[in-house]
Amino acid sequence: MKPQPTERSPPCDCQMPGLFHSGVPGVLAQVVQGRLVADTPVWHCPRCRRYPHDDAALAALRALGIAGDGPPASATYTVQCYVTLRVTLTGIVADDPRSAAMTARDRFCLDEQGPETEFVDEVSTFLVTVDGNTDPAQAEAFRVNWSPVPVDDPEEEGPPSGSDERRPP
């Protein structure tokens, strides 16, 4: 049996993009290229309260190599996970199957068809970029077995380079 989508509570404000998004849940701080910006404050999130006070939040950043002396322990990344969904659109008037498929693509809107969406497969592809890097040519794509996907090969299945455009595998 395939896993079904579940409703999740919305993320805390500290996990939303913005100037003080540190990449660490419960910590508000200015982090650039995986490092705490020098001479900037670190706060614990008063909403989710994962850390009891600001010093504990700073200690968490130090433990992860984001704050303190030395090189960062790791970089931060943005990862797009491509999954297969099934949305059934009925009543499409067309001259042939290809025209029907093209019309369906043009009519598809996840916001409108959300309740009709069926999760049918696991993640198929990952598209990864270093946070802050806007050059799509530097994105790397991987299949679920972690083998690389040539992101600029038009014949290859998977996401287009640097794009969040959805297309079937």
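Because the model is predicted, local features are reported at a pLDDT of at least 70 and side-chain atom pairs at pLDDT 80 or more, while totals for chains, interfaces and linings use all residues. Residues are numbered from 1 along each chain as its sequence is written, and side-chain values use heavy atoms, with hydrogens and water left out.

The protein chain contains 3 helices and 8 strands. Helices (H or I, at least four residues) and strands (E, at least two) are DSSP runs, numbered from the N terminus. Read from that end, the order of the elements is β-β-β-β-α-β-α-α-β-β-β. Of the 169 residues in the protein chain, 24% are buried; the term buried denotes a relative accessible area under 20%, exposed one over 50%, and partly exposed one in between, with a 1.4 Å probe and protein chains only. The protein chain exposes about 12,000 Å², of which carbon and sulfur atoms supply 53%. Accessible areas come from the Shrake-Rupley method with a 1.4 Å probe, and for residues only the protein chains shown count as cover. Among contacts (heavy atoms within 4.5 Å) with a separation of 6 or more in the protein chain, 49% join residues 24 or more positions apart.

The structure holds 1 aromatic pair. The ring centres of Phe20 and Trp43 are 5.3 Å apart and the planes stand at 75 degrees, so the pair is edge-to-face. Rings of Phe, Tyr and Trp (its six-membered ring) pair if their centres lie within 6.5 Å; planes under 30 degrees apart count as stacked, over 60 as edge-to-face and the rest as tilted. Phe20 lies in the segment before β1 (27-29) and Trp43 in strand β4 (residues 42-44), so the pair ties together parts 23 residues apart in sequence. Phe20 is partly exposed, at 33% relative accessibility, and Trp43 is likewise partly exposed, at 34%.

Helix α1 (residues 54-63) has as its buried residues Ala56, Ala57, Leu58, Ala60 and Leu61. An α-helix has 3.6 residues a turn, so residues three or four places apart point the same way. The buried residues of α1 pack against β1, β3 (35-36) and β4. After α1 comes Gly65, with a positive phi near 80 degrees.

Most residues other than glycine have a negative phi. Asp39, although not a glycine, has a positive phi of about 60 degrees. Asp39 is located in the loop between β3 and β4 and is exposed, with a relative accessible area of 85%. Arg49, also not a glycine, has a positive phi of about 55 degrees. Arg49 lies in the loop between β4 and α1 and is exposed at 64% relative accessible area. Pro46 is found in the loop between β4 and α1, where a relative accessible area of 52% makes Pro46 exposed. Pro46 and Leu28 are 18 residues apart in sequence, and their C-alpha atoms are 9.6 Å apart.

Phe142 belongs to strand β7 (residues 140-143) and is partly exposed, with a relative accessible area of 22%. Apart from its neighbours within four places in sequence, Phe142 is in contact with Ser124, Thr125, Phe126, Val128, Ser147, Pro148 and Val149.

On a 1 Å grid over the protein atoms alone, a pocket is an open set of points where a 1.4 Å probe fits, with protein on both sides within 12 Å along at least five of seven lines, and lining residues have an atom within 4 Å of a point. The lining of the second largest pocket comprises 16 residues, with His21, Ser22, Val31, Thr76 and Asp131 nearest its centre. This lining divides into 6 nonpolar, 9 polar and 1 charged, where Ala, Val, Leu, Ile, Met, Phe, Trp, Tyr, Cys and Pro count as nonpolar, Asp, Glu, Lys and Arg as charged, and the others, Gly among them, as polar.
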